[in-house]
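Please find below a colleague's note on the structure, arranged as numbered points.

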Amino acid sequence: MSRLAVLTSGGDSPGMNAAVRAVVQVGAAIGYEVYGVRRGFQGLIDGQVAPLTRADVAGIARRGGTVLGTARCLAFHEKGVREAAAEVLRAKEITGLIVIGGNGSLTGGHLFSEELDHTGQRFRVIGLPASIDNDLAYTTMAIGTDTAQNTIVEAIDRIADTASAHERTFVVEVMGRDCGYLALTAAVASEADGVLMRETGLSDEEVVDRLVHIVRSAYSPATGKHSVLIVKSEGVSLSSSELKRRVDAALDGHGLRVETRVSVLGHVVRGGAPSAFDRLLAGRLAHAAVRAIQRGRTDEMAGWHVLHRPGGELPDAVFDLDPFITFWSLDRVLQETLRIKDGTAEVTRWRVKLLREVEPILAS
Ligand code: F6P
């Protein structure tokens, strides 16, 4: 019987458990013995690899976090460390590995796919995009983003109640690392008055000016608002407390007495039961990943697309399995993900353009 292993790595995201469960279920159904690796690549190095049965994963799809545990493991970038990890899998005659995680985890998976299994073949490594940040290329959504988005919107709705009651301005800071996707989408969904995200490239002074402008326009008689909500992505270099200090001073200078408050949602956004969407996304990506390993594919990520032809290209789509899932080389995914971060990717440029178009609508 063939054996494959599954691990979750990097920042946890809601839906990781649903993906693990699906790997075990699909694997068992088509004749694989599935092993679970504890604590990501760190656990692989430490030999924390044990069989995972259907009974082990029963009922986990509805749970947030990851039952396998996770870690950020920089040591995995060292060749010698990866060789030791490969030896752990060789000893158990495991030939395939499914890596569930974000940028750093997929980098680890890409590097690991160079190692050879006990038959002398390259390990078959397939990555599944899982990150609340939605900062990965070649997938419309990553596992966990939808749940995080819903959590943020729910939190902002609550903050909106108290903001309105006290006629205050709130800056709500949300996770997303360098990516403003969560901030942008949550702002639109929660009827916020403005969004601050790193990708716009504004200087600290410009960020302050932007916020002051939004607040002044909101409280102007023409707009007639009594409270203001701004969603700030954590990637914006100016800290929220410093932003508040400078905005307060500037508003004071304009003779506008506004009470401002800052609310940093932090890790609250990463936890909680996964949404139905994230459970389904995780399940279908995991299904395709196990099938891909069965077909001998390696060093690729399974991406989910709302369009059949993302970017007009169609690389080896597995249409017989799922018309919305395509496989992309990890190298390509990682390179494009870097461009999402540095702002040169088409999708990042589009998000910034969208923000420019949306901003006046939000503020009106
Ligand atoms: O990548 C997911 C994420 O939650 C980011 O949004 C955030 O910047 C980071 O991880 C926080 O990492 P940690 O949990 O290690 O503090």
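This is a predicted model: local features need pLDDT of at least 70, side-chain atom pairs count only at pLDDT 80 or more; totals for chains, interfaces and linings use all residues.

1. Residues are numbered from 1 along each chain as its sequence is written, and side-chain values use heavy atoms, with hydrogens and water left out.

2. Helix 6 covers residues 145-166 (helices are DSSP runs of H or I, at least four residues, numbered from the N terminus). Its 22 residues should span 32 Å at 1.5 Å a residue, and the end C-alpha atoms, 31 Å apart, agree with this; the expected span is 1.5 Å times one less than the number of residues. Glu167, which follows helix 6, has a positive phi near 55 degrees.

3. Among the buried residues of helix 6 are Ile152, Val153, Ile156 and Ile159 (buried: under 20% relative accessible area; exposed: over 50%; partly exposed: in between; 1.4 Å probe, protein chains only).

4. The structure holds 22 salt bridges, each a side-chain nitrogen of Lys or Arg within 4 Å of a carboxyl oxygen of Asp or Glu. In one of them, Glu83 pairs with Lys79 at 3.9 Å between the closest N and O atoms; both lie in helix 4, four residues apart.

5. In helix 9, Arg245 and Glu242 are three residues apart, and their salt bridge has a closest N and O separation of 2.8 Å.

6. Arg257 and Asp252 form a salt bridge at 3.1 Å, N to O. Arg257 is exposed at 72% relative accessibility, whereas Asp252 is partly exposed at 42%.

Terms used. Helices (H or I, at least four residues) and strands (E, at least two) are DSSP runs, numbered from the N terminus.
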